[in-house]
Amino acid sequence: MLVRGAPSVAGTLLRRGTGLAAIAPTLLFYTLFAEAVVRLRAPLTLDAWNLTPVPFQLSGVAISIFLGFRNAACYDRWWEARKLWGALINTSRTLTRQWLTLLRDDGREDAVAFQHAAVREVAGFAWALKAHLRTETRNDVAAPFFSEETFATFRGDNLPADVLQHMGKRLRDAVVRGWVDPAFVRAFDTSLTHLADILGGCERIKHTPVPLIYTAMTHRIELLYVLLLPFGLLTTTGELTPLVVLFVAFCLRGLDEVGNQLEDPFETDPNDLPLAALARRIEIDALTALGEPSPAPWQPQDGVLL
């Protein structure tokens, strides 16, 4: 996610992550094509075509509405993903509090060690979810929060689900040992269920992209519209046709790029969610609750918080 600094028009227009670099090659192509149309106006007697701007005015409204629907759908995905990770932070704090206040340790070292391990695994779930959503092949970020024996049992292709299964078994062991009153089991189980719901919600967003027909139709319509646009503007704008085409293409490609940037909020593009920073926040909260030294908050790199 882009880290915002002091507002600046020039900084906003030129900074990384605003989509300009992604659409620049396409804008250059459209501008050069429009320039070629202007230069070939006389040899090809293009004025005889008598193509007016009216069709482009009518179709431009339809294209704008279509782009608006697509961008709204992409932003809904981005915002739902952010709400799910906000719920993850809240549920992690709740589960941490439950382990620290509802478990009877009675000063026993084994109970205290059990309690601390359970709290550390709450942070481990957040890092496991981050690695799962970004399809990272290595899970070293989650491993430090579990014992070697425990982490070795996580052999499935869904590390967060394995962690949840282990957390459920840990709760069962605490009840069997008499460290958690059976009356509190429902509260613990509700927190674990919330974590499972968050995992499922994130996977739904990750594995169900915006239908391809949206993107394909947008690109096809945009291509035809901008390539035909110089012929409709030629008799009206003359030598300024390439500049007008550049402006229109910038609007269309810019809006399209907004949707592209927001469609998958779990990637590492500048406008995607800062999963590592959010997981670090959960880790800091858990370790602070245990009274252990905690790492510094995740820092942005080149103005981007990953």
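In which helix is V61 found? V61 is found in helix α3, which covers residues 54-101. The legends below describe close-up views of a predicted model.

**Figure 1. Overall fold of the predicted chain.** The protein chain has ten helices and zero strands. Read along the sequence, the pattern is α-α-α-α-α-α-α-α-α-α. The chain has 306 residues, of which 41% count as buried.

Figure 2. V61, I65 and F69 make a nonpolar surface patch of about 320 Å². V61 belongs to helix α3, and L67 is found in helix α3 as well. L67 is buried, its relative accessible area being 2%; the cut-off for buried is under 20%, so L67 falls within that class. The C-alpha atom of L67 is separated by 8.1 Å from that of L252, although the two residues are 185 residues apart along the chain.

**Figure 3. The aromatic pair F114 and W179.** The model contains twelve aromatic pairs. In one of them, the ring centres of F114 and W179 are 5.2 Å apart and the ring planes stand at 70°, so the pair is edge-to-face. F114 lies in helix α4 (residues 109-133), while W179 lies in the loop between α6 (159-176) and α7 (185-207). F114 and W179 are both buried. They also belong to one aromatic cluster, formed by W99, F114, W179 and F188. R170 lies over the face of F114, at 4.6 Å from the ring centre.

**Figure 4. The largest nonpolar core.** This core has 52 residues, and those that touch the most other members are W85, L88, W99, F125, L129, M167 and F266. Two or more residues of the core come from each of α3, α4, α6, α7 and α10 (275-290). Helix α4 gives the largest share, twelve residues.

**Figure 5. The salt bridge between R120 and E292.** The structure holds 17 salt bridges. In the one shown here, R120 and E292 have their closest N and O atoms 3.3 Å apart. R120 is in helix α4 and E292 is in the segment after α10, so the bridge links parts of the chain that are 172 residues apart. R120 is partly exposed, with a relative accessible area of 24%. E292 also counts as partly exposed, at 26% relative accessibility.

**Figure 6. The salt bridge between K206 and D264.** The closest N and O atoms of K206 and D264 are 3.6 Å apart. K206 lies in helix α7 and D264 in the loop between α9 (241-263) and α10, so the pair ties together parts that are 58 residues apart in sequence. K206 counts as buried at 15% relative accessibility, whereas D264 counts as partly exposed at 21%.

Figure 7. R281 forms a salt bridge with D285, with 3.2 Å between the closest N and O atoms. Both residues lie in helix α10, four residues apart, about one turn of the helix. R281 is partly exposed at 33% relative accessibility, and D285 is partly exposed with a relative accessible area of 21%. Elsewhere, a network of salt bridges links R70, E222, R253, D256 and E263.

Conventions. Residues numbered from 1 in each chain as written. Predicted model: local features only at pLDDT ≥ 70, side-chain atom pairs only at ≥ 80, totals over all residues. Heavy atoms only, no water. Patch = residues over 30% accessible without salt bridge, like charges linked within 9 Å, V, L, I, M, F, W, Y side chains within 5 Å. Areas by Shrake-Rupley, 256 points an atom, 1.4 Å probe, with all protein chains shown as cover. Salt bridge = Lys/Arg side-chain N within 4 Å of Asp/Glu carboxyl O. Phe/Tyr/Trp six-rings, centres within 6.5 Å; stacked < 30°, edge-to-face > 60°. Buried < 20%, exposed > 50% of the residue type's maximum accessible area, 1.4 Å probe, protein only. Lys NZ or Arg CZ within 6 Å of the ring centre and 35° of its normal. Core = buried A, V, L, I, M, F, W, Y, C linked by side-chain atoms within 4.5 Å.
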